[in-house]
Structures are given as structure tokens and as C-alpha cells.
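Hi everyone, thanks for coming.

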Amino acid sequence: MSISYTNFKIHPSIGIARLGNSDENFYLSPEQPGALPIACDDMGREKMDEKGNPIRIKSFKDGGDLSKILKQGARFRIFAYKDENDTDGKEIEIGGTYDFIYQNSVTAPVVVKGKVTDIDWTVHLANKKSSWYEFKETDGQQGYAPNHPLRNPEITQPDLRRQLITDPGPLTVNLKQNRGAFAKYGSGSKKNDFSKNKKVAYPQSFPPDDIKPNPIETLGNLIVNEQDKKIRLIVLGGNGNSGSTKTPVITSFVNNDGWFDDISDGPVNATIEYTFMTTTYDGDKKIETPTKGTMQVQVPSWVVVGYPRYIPEMEDMITMDETMHDVFVRKLAYNPQIFGVPPFDKASNSPKTQEELDIWRNSAKFNPDYYPKFWKDIWPIFRRPYEQTTYTMVFDPSDGGDPHNSGTGGNLSPEKLSIPPSNGQDPNLKLRLFILGIMRGENQLNQYTVESLSKTPNKPRLMPMLCGNNPLSNTAPEKFLAVRETQLFFLKQWAAGKFVNECMEWGESNPNCKNPWALPPTTGVEIDRGVLGTALGGAFCPGGEMSWIMQNPAIYSEPYRIKHAPYLAGGLTIPKPIADIDGSAAPDLSKGLEPGDITKYIGVPWQADFHECTDNDTDITYEKWNNLNLDSIGDPIQQRIAYNIPWWPAHRPIVVSNSANDPQVYWASGIPDNNAGDLQMVQAWKDLGFLIKNGPVGDNGFYQIERNNDALGDPVKPGDLSLGQEITRTKNI
């Protein structure tokens with residue numbers, strides 16, 4: 001009998017599913033940034049080529065119907081880890097032997113060697129948006145004030161308030177019962193609505209049947225499959241439906257009372273079924289009896305259902321992986337080689353209690369001798385804005401110096417920036433220092449240009465040139481997006497010449513040389529980070545798939561793992577002012593999160609904010625408003641100056657081209673840039689085009705496919721005055 005047991009973890013730690021209105025077909029989430037999704041069969045089994053590599057999808061709509069978007073399924077699997085020194089793990093298999101903890105009603109816990117027979121997967125999706133507080137930029141990040149406004153404020157009775165939560169209840173599936181749906185009892189007529197006429201013991205809550213324009217009867221489905229002896233779970237989200245209990249009108253990009261949608265999130269748990277041999281004796285005769293046992297996976301997971309990713313291969317300026325990695329490095333002692341207490345080793349940076357963690361945070365610092373990798377840590381920061389300014393947004397260089405030129409000889413040319421000092425020679429030091437000077441830091445969130453680098457009126461603009469968490473109002477403003485502090489540390493090391501060029505060490509023939517995500521990830525941690533690399537990591541106003549709550553270390557049980565909160569059936573938490581009326585449960589981050597707690601911060605319906613996240617007239621004079629000249633006899637108030645700043649053009653493109661030789665057109669042509677357009681997007685999202693890398697040899701550009709011109713009309717070029725032209729405006733707050 002073994003003296004230790006196997007540690008089991010579900011990967012990815014946070015899976016990303018995406019909405020779609022196709023009745024049957026779907027694809028799998030990419031597990032690496034910059035990659036197309038993975039093709040699969042109707043059970044979610046991955047399709048592979050003759051070399052064993054995943055086949056990537058190149059069509060995002062169903063069977064040529066340009067109004068049917070395929071759903072993206074989040075794939076989960078379980079890895080076994082032998083001990084604390086096993087950092088890679090290995091996916092478990094049917095028939096595989098592992099050390100399990102076995103206990104029944106008459107025996108104490110013992111460790112047995114058992115063989116896997118099945119996995120019981122349990123997922124609970126919910127949508128809490130309509131029951132939550134109003135989104136008001138950065139308010140709420142440090143907790144909500146007692147008088148913070150609520151969505152649907154007229155509903156103050158706790159039981160009725162809970163009815164604003166879409167909560168179908170938890171669902172369990174396995175190889176024996178390999179399909180299930182988060183559907184309303186008694187509903188469903190489509191192939192994947194598996195719960196039709198099936199009794200539901202959980203006290204479900206769904207929006208009223210008569211919401212318009214689209215009812216919500218399901219939050220999605222579960223499928224379990226077996227592939228190469230491995231048991232995987234596929235989570236599919238909702239149909240992209242949004243509806244209102246009132247006459248459908250949208251007046252806000254983020255808070256619309258009476259509205260519901262089928263975005264969702266929730267915990268993913270699993271219990272492993274296994275068999276082992278129990279030994280007994282009849283005198284001297286040894287008798288071995290097959291015995292069944294179960295063991296709950298010790299490290300569970302989470303799933304988030306977001307909107308479609310219309311440019312899956314284009315990486316965000318800051319990914320969710322990079323945002324979370326920064327939190328874990330600086331707040332949870334995740335990688336002491338980067339940030340920690342000298343001598344920056346694991347032994348000196350392993351706080352066990354909250355008190356030890358607080359002491360560590362007060363003493364830890366960045367390691368001055370850490371060498372980041374150029375192609376992994378540095379180059380993406382420069383490559384991404386160039387791709388976005390070239391293919392998905394309008395960038396006017398006349399507003400200020402354009403630092404984004406990455407062509408040969410440009411100031412972001414990788415041929416120069418990737419060469420570290422050698423033999424005491426560093427010909428590119430001055431250029432690297434200039435680039436560092438135009439990178440926006442955390443103390444420059446409201447600064448537009450770099451005042452110190454140029455004596456001419458044409459000051460270089462700070463990078464990234466994207467909207468921050470709050471460019472809308474001048475209360476706790478964060479006008480512009482800044483790279484995360486860990487990324488800025490990497491840049492400072494690089495500027496000082498303390499960096500590594502992987503290609504010079506590994507050789508150009510190494511497939512991961514210039515792209516660390518060239519190959520599909522194989523370890524659990526790589527899958528965790530790869531999946532999160534496909535989600536938006538900022539700005540959060542309120543955000544993409546997730547919001548600023550992901551930067552709060554209190555929600556994690558360990559790096560990359562959401563802490564699961566206990567909750568009662570039908571008793572999910574509601575805002576404290578309402579919960580206090582009858583003693584109902586209110587959220588408590590110290591206990592963790594429950595179903596719906598990640599996506600409740602996002603706008604409702606999701607299509608409104610998505611439509612308005614094009615660009616923004618951002619006031620850049622905030623810092624100077626209080627500098628009054630008391631000796632002046634004129635108006636001392638500074639003139640307001642606003643510049644057109646994009647939001648997140650890797651998610652929501654502004655302009656696109658169909659090929660390298662075609663002119664750019666507005667992506668959302670046919671949908672006016674106003675609240676009426678927000679309402680139109682509730683239906684039109686499914687007709688919009690996707691972008692893939694589809695250019696001629698040597699171009700590798702991003703070009704549009706599958707746009708439904710019959711529904712949206714012909715696209716409009718910038719400068720043409722026609723219905724649907726994008727007119728820059730500030731989000732309606």
C-alpha cells in the first residue's frame with residue numbers, strides 16, 4: 001500500500017467558452033494565444049492531422065449560413081501529479097493506475113492503488129448581471145458603498161431579487177450519461193436541449209418567458225467524451241440571446257434595467273470513479289475482491305462563457321494571462337525568480353499563512369538580476385499594437401509622434417531590438433531607452449504624450465495608445481491603458497541590456513524560437529496560461545469576458561485558481577443592501593466565488609458595451625484642471641482637449657479589409673453608432689464578419705470573412721457618409 005496519494009487537478013484552471021446561435025455544431029477553444037480554434041466532431045473529440053497536430057477551423061459559421069455562429073466549447077481534462085516536485089503532471093487515462101484515498105462508512109481513510117473507470121463532472125453556470133450593482137467605472141473595486149445604485153433598483157424584496165439571477169442549477173455528466181443541458185425545465189426542442197421533460201430537483205430561476213426580442217431558456221450544455229483513453233468534458237455556453245421585460249430600449253452601454261442575457265460562469269468540479277482490489281483472508285486463503293471507489297479532484301476549475309472572439313488569432317495588447325500573472329507574481333509569491341525576497345529562491349519565498357504573506361509582500365521586490373526572454377516577454381508588447389493599428393483600427397499619426405513602426409529600420413524593428421549587448425558593445429542601447437521612455441507606466445495613466453523626450457511640438461505618444469479603466473469620467477480616472485508592472489519590469493531590464501534572445505541560444509530552427517506558443521501546450525500550467533492568453537486582460541470598463549475583479553488576489557485559492565465559495569441550492573448571494581433585509585446571504589470574497597460571480601460585473605445586455613467599445617473621445621487635460629492662474633483676468637479654466645482613443649480593437653475591430661488589395665471598411669457598417677445601434681446589435685452580432693490570417697505569402701495580415709451583407713448591407717469606407725458609419729463618441733454614462 002502506498003504511503004502517499006496522487007494529486008489531481010482540472011485544467012485549464014479557467015476555461016473560456018463562447019456564445020453561438022448554431023443549433024448543433026461547435027468547435028473547441030484554442031489553448032494557446034494567437035491560434036485558431038480547434039476542429040472537433042459532434043462529441044467534442046479533437047480532430048488531428050496525420051502528424052497528430054490539431055486541425056484548426058477556418059470557418060466560424062454553420063454550413064454556409066452567415067447568420068449562424070458556431071459556439072466555442074471549453075475543454076477540460078484532469079492531470080495527475082505524483083508529488084509536490086511534479087510540476088508538469090500527466091493527463092489521466094481510463095485504466096490508468098493512481099494512488100487514491102478510499103473511505104467508506106466503516107473504514108478510516110486509506111490509500112489504495114486503483115484504476116480509473118469514469119469521471120463524474122459537475123458544473124454550475126449562472127448569470128447574476130441583472131441582480132447586481134450598476135457598473136460605474138472603477139467604483140466597487142475596493143468594495144461597494146452602501147448607497148451604490150443597483151440594477152433594477154425597484155426590486156427590493158430578497159426572494160424577488162434572487163429571481164433576477166438566471167440559475168438552472170448544477171449539472172453532472174459522465175461517460176454513462178454523457179450529455180446534459182443547463183435548460184429550463186420543460187423547455188427545449190433542439191438537439192442539444194437534453195433536459196426537455198426531465199425533472200429538475202434544483203429550484204431553478206430563469207427570466208420571464210415573454211422577454212423580447214429573444215427568450216432565454218438555457219445557459220448551455222455539457223458533453224463528456226473519450227479520446228485516446230482520456231475522458232474530457234466540453235462546456236458549451238448559451239445562444240447569444242438577450243431580452244427585456246419591457247419594450248426593448250437601450251439607454252446605457254452597460255446598465256439597462258429589465259434586460260437579461262445568457263453570458264455565464266461557474267465552478268467545474270470532478271469526482272474520479274475507480275476500482276481496486278480489496279484483500280481478505282479465509283484462514284490462509286487470500287481472497288481479492290474488486291471494489292468500487294470515488295475520489296473528488298482536489299484542485300477544481302472554473303469556466304467563463306463570453307461573446308464570440310471575432311479575431312481569434314489577434315492577441316490583445318494585454319491578455320488575461322498577463323494581467324493575472326502580474327497579480328500572482330507580485331501578490332502571491334508565484335515566481336520568486338522575478339519578484340520576491342533575496343536571494344529570490346523558492347525556500348525564501350514560500351509564505352504559508354496570511355501573516356507570512358503580508359510580511360512577504362512588504363519585503364518583496366523585483367529581482368535586478370532577472371533576464372527576461374525577448375521573444376516571449378518583450379516582443380509581444382511591440383508586435384501587438386502594430387497589428388492592431390494596421391488591420392483593425394484607425395490610427396492618426398498627425399495627433400502626435402507614431403511610435404508603432406516595426407518595419408525594417410523603424411524604431412520597433414525586431415532586428416535591432418532583439419540583439420543583447422555583446423563583448424562590451426551595445427549599439428542599440430539608445431534606441432531601447434527611447435522605446436522604454438514611450439511605454440506608459442502605472443504613474444502615467446492620465447498622460448497622453450511624453451513631454452521629456454522631444455523639444456518639438458510633435459511629442460511622441462505614450463504606448464499603449466488604448467483606453468484605460470476609466471476614460472469616461474474624472475472620478476478616480478485611469479484614462480489610458482498601461483502595461484502591467486511585471487511587464488514594465490521586463491522592459492526596464494531589456495532597456496538596460498539584461499535580456500536573452502532565445503533564437504541566439506536555441507537556434508532559428510527551434511519552432512518556439514520567435515513564438516513561444518508555436519506548438520500546442522502539453523503541461524497543465526501551459527494549458528492554464530495558454531487559454532487565458534485568448535481573453536482580454538484590460539482595459540476593464542467593464543471589460544471583455546471578465547472584469548477588474550480578476551486583479552483582486554482575494555478571489556484566488558492559489559495562482560490561477562478561483563476560490564470556490566459554499567452556497568445553498570437556490571440561495572445564490574445578492575447585493576448586501578437587499579440581503580440584509582431578511583438575513584439572506586451576501587457576497588463574501590474571503591469565502592470565494594459562486595456561480596455567476598465573475599461575469600456579473602459585465603454590461604447587460606452584452607451586445608451594448610460590445611458595440612460601443614470602438615473608440616472614445618478621451619479628455620487629456622484632467623491633470624491640469626486644478627492649476628488655476630489667480631493673477632489672470634481671463635478665464636482660468638483650461639480648454640478641454642480630447643483625442644480619439646480606441647478601446648480593444650483585437651476584440652471589437654473598427655475597420656477591416658477583405659484582402660490585402662481591398663480598402664478598409666467599417667466592420668459594423670449598417671449598425672448606427674448610437675443607442676439604437678446598441679439595440680440593433682442584440683440581433684446583428686451573428687451577422688458580423690470574422691478575421692483570420694489569410695493574406696498573400698509574406699503578408700500574414702488579418703482579413704475579413706463570412707460577413708452577412710444581405711442582413712447588414714454593403715460595408716462603408718471611412719469618409720463615406722452613409723448609414724452605419726462609425727461616429728466617435730464617448731460611452732453614454
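This is a predicted model: local features need pLDDT of at least 70, side-chain atom pairs count only at pLDDT 80 or more; totals for chains, interfaces and linings use all residues.

Residues are numbered from 1 along each chain as its sequence is written, and side-chain values use heavy atoms, with hydrogens and water left out.

Okay, cysteines. How many disulfides are there, if we ask for a pair of cysteine sulfur atoms within 2.5 Å? The count is one. The partners are Cys 503 and Cys 513, with 1.6 Å between their sulfur atoms. The link is right-handed, at 135° about the S-S bond. It ties together distant parts of the chain: Cys 503 is in helix α8 (residues 502-506), Cys 513 is in the loop between α8 and α9 (524-532), and they are ten residues apart. Helices here, by the way, are DSSP runs of H or I with at least four residues, strands are E runs of at least two, and both are numbered from the N terminus.

Are those two cysteines buried or exposed? Buried means under 20% relative accessible area, exposed means over 50%, and partly exposed is in between, using a 1.4 Å probe and protein chains only. Cys 503 has 7%, so it is buried, and Cys 513 is buried too, at 2%. Then there's Cys 613, which is in no disulfide; its nearest cysteine sulfur belongs to Cys 541, 7.2 Å away. Cys 613 is buried because its relative accessible area is 0%.

On to the rings. Rings of Phe, Tyr and Trp (its six-membered ring) pair if their centres lie within 6.5 Å; planes under 30 degrees apart are stacked, over 60 edge-to-face, and the rest tilted. The structure has 42 such pairs. Take Phe 339 and Trp 360: they are edge-to-face, 5.8 Å centre to centre with 70° between the planes. Phe 339 sits in strand β18 (residues 339-340) and Trp 360 in helix α3 (residues 354-363). There's also an aromatic cluster whose members include Tyr 27, Phe 60 and Trp 606.

Some charges sit over rings, meaning NZ of Lys or CZ of Arg is within 6 Å of the ring centre and within 35 degrees of the ring normal. Lys 9 does this with Tyr 81, at 4.8 Å from the ring centre, and Lys 600 with Trp 132, at 3.5 Å.

Last one: Arg 162, in helix α1 (residues 158-162), is buried at 14%.

Terms used. A disulfide is a pair of cysteine sulfur atoms within 2.5 Å.
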